[in-house]
Amino acid sequence: MPTGVPMANKQAKSSGFQWYCFRKAEGNQMVKRVLVVGGVAGGATCASRVRRLAEDAEIVVFDRGPYVSFANCGLPYYVGNVIEDEKKLLLASAELFKARFNIEVRTDNEVLSIDRERREIEVKRLQTGEVYRERYDALVLSPGATPIQPALPGADLPGIFVLRTIPDSRQIRSWIDDHKVERAVIVGGGLVGLEMAENLSRRGISVTVVEMLDQVLAPLDPEMAEPVQEHLIKNGVTLHLSDPLAGFEQSSAGGLVVKTKSGARLPAELVILSIGVRPEIKLAKESGLEIGNRGGIRVNEQMRTSDPNIWAVGDAVETQNIVTGEWGVVPLAGPANRQGRVAADSICGRDSKFRGVQGTAVCGLFGLTIATTGANEKTLRRLGITGYQKIYLHPAHHVAYYPGASPIHMKLLFSSDGGRILGAQAFGEQGVEKRIDVIAMAMQNGASVFDLEEAELCYAPQFGAAKDPVNMAGMIASNVLRGDSAMADWESLSSTKALVVDVREAEEFSAGHIPGAINLPLPQLRSRLNELPRDREIWVNCVVGQRAYYALRLLRQRGFTVKNLSGGFTTYKQIERRLGTAIGTSAT
Ligand SMILES: Cc1cc2nc3c(=O)[nH]c(=O)nc-3n(C[C@H](O)[C@H](O)[C@H](O)COP(=O)(O)OP(=O)(O)OC[C@H]3O[C@@H](n4cnc5c(N)ncnc54)[C@H](O)[C@@H]3O)c2cc1C
């Protein structure tokens, strides 16, 4: 991989598939038989879009489960009783599909195999055991993904659950009620695992999260995950990080014991396994469709598989990342829905293309919102990409003078050459997802940090600022690229020969500062320039980087060599807590 940053949106051009289109549906109708395997996010979207484009098509949706179009994303909140009525999770019924869209939905019908030569599928009616065949002109696979279940001792003990379907959530709720659950262990600190942590806590259950990585929420960089971890701990969640699961035992008291590699034995009455999902590729694989090296069904930008009559969408497919160009499996509802729509367009002869994924995601935990889009720094490093820069900022979610302002802690990654936005992560109490969504959209359009600087966003005191956090991020990054500012590398703090100058007021400095820093408050800087070295680099620091930037501009124009410690002392605290030890410079 070159050290530069790859181009975006080069989906599947090289896969060598035969491009093939059904005839245009509108105005040139030909009755098609469209069969859809899986009737939830991707499948239901695709089926109903086909109907909107091809009124004469015959559309049948098969799902082996008892429901179609249910809200998987709502399941943790049903377990937590935030959603009290199970029926609210059902977004549409088979009857509604028939009445509204003339789509036949067959629940409790499992598709067993695909005969590609005869364009037929074999289906089993689960309630009767009857097996039958159905012919298709177009087949859509949206079978989702399966929760990973570790092959470890005791993994099949009662009280251990996964969460994927309404029946799963119903079982967990019943177990909680019937077994007076007081302690739960969640294995896996990803989005779903942590949503479950919050929801079980809500029900008064004491929660421990076991995670093999050294951080929760893998899409975040470690220094961004650290405050989230602290927040979880503050809200009563116990974290076992860097501690892989080793197995389960039945305890003598009748509950469970969760064992970890470190030797911990965690008692619990309930265990939720949330260690990720595996694309459901059985049908695709057995019928010889191309499977990518990340384990998902390989598709082109029209969501077509290696068979021109079969499309695949959702958690089961591999897609290309718009930032890194890497193929990957990104199990999120947004991409599944959009892919379903693209597949329907393609079936009906339209030239829609899926743009690729960027992993835009959000999670709410005990009042904290965490959101992310694009690549994180870990990924850029793993790919050997060095041509990037990063900034940290901590703007208020709306103007500070309007009551209730709270900070958004952001990290923005962008290419050194041209400022293309590569990724953003943020957390805070309010307004976080709005900023990440704006940046996500900018990224999809290949925008640069200069575009963020220029973005015209809505503003009134209770909603934002005339310089919105998104503008601020763009301005800080643009300043770096224009050479008006330069960012010092936090990781070099311990080894630098630079002089760290803290430009906050004396009281702020004495309340805490970077070891080795000297204090020279911004208002005194002009009159005390003679105290600063001209033959040595200066790193300026303040609370969030703003006063330090003013100092940097002043000093640079006076001939000093200066860099800003991005994000200031607030970022310093994040990094220090992450390392578990004070970092600083001895170079005073
Ligand atoms: C608890 C939970 C919370 C989530 N929260 C979020 C969130 O907040 N935000 C977000 O973006 N994403 C979230 N997701 C992920 C999101 O739900 C999925 O990405 C999305 O549902 C994928 O859609 P899909 O159509 O690919 O698969 P699914 O929605 O899983 O649907 C697949 C369907 O296919 C059926 N099926 C499989 N094989 C066969 C077969 N052989 N024959 C017949 N039927 C078959 C299955 O029964 C299933 O009903 C969450 C997922 C879970 C489980």
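Modeller: α1, β4 (109-115) and α8 each supply at least two residues of the shell around the ligand. Helices (H or I, at least four residues) and strands (E, at least two) are DSSP runs, numbered from the N terminus. This is a predicted model, where local features need pLDDT of at least 70, side-chain atom pairs count only at pLDDT 80 or more, and totals for chains, interfaces and linings use all residues. Residues are numbered from 1 along each chain as its sequence is written, and side-chain values use heavy atoms, with hydrogens and water left out.

Biologist: Which element gives the most to the shell around the ligand?

Modeller: A residue is near a molecule if one of its heavy atoms lies within 4 Å of it. The shell has 28 residues, and the closest are Gly42, Asp63, Ser142, Arg164 and Asp315. With three residues, the element that gives the most is β4.

Biologist: How far is the polar side-chain atom of Arg164 from an oxygen atom of the ligand?

Modeller: Take polar contacts as pairs of N or O atoms within 3.5 Å; within protein, one must be able to donate a hydrogen and the other to accept it, and residues adjacent in sequence count only if both atoms are side-chain atoms. The side chain of Asp63 places an N or O atom 2.8 Å from a ligand oxygen. A backbone N or O atom of Arg64 lies 3.0 Å from a ligand nitrogen. For Arg164, the distance to a ligand oxygen is 2.7 Å.

Biologist: How much of the ligand's accessible area does the protein cover?

Modeller: Accessible areas come from the Shrake-Rupley method with a 1.4 Å probe; for residues, only the protein chains shown count as cover. On its own, the ligand has 1,000 Å². The protein covers 89%.

Biologist: What covers the buried residues of α8?

Modeller: Buried means under 20% relative accessible area (1.4 Å probe, protein chains only). In α8 (residues 333-347), the buried residues include Pro335, Gln339 and Ile347. Contact means heavy atoms within 4.5 Å. The cover includes β7 (138-141), β19 (310-312), β20 (317-320), α1 (41-53) and β1 (33-37).

Biologist: What is the radius of gyration of the chain?

Modeller: The radius is taken over C-alpha atoms, and the globule rule is 2.2 Å times the number of residues to the power 0.38. For 588 residues, a compact globule would come near 25 Å. The chain agrees with that, at 27 Å.

Definitions and conventions. Expected span 1.5 Å × (residues − 1). Buried < 20%, exposed > 50% of the residue type's maximum accessible area, 1.4 Å probe, protein only.
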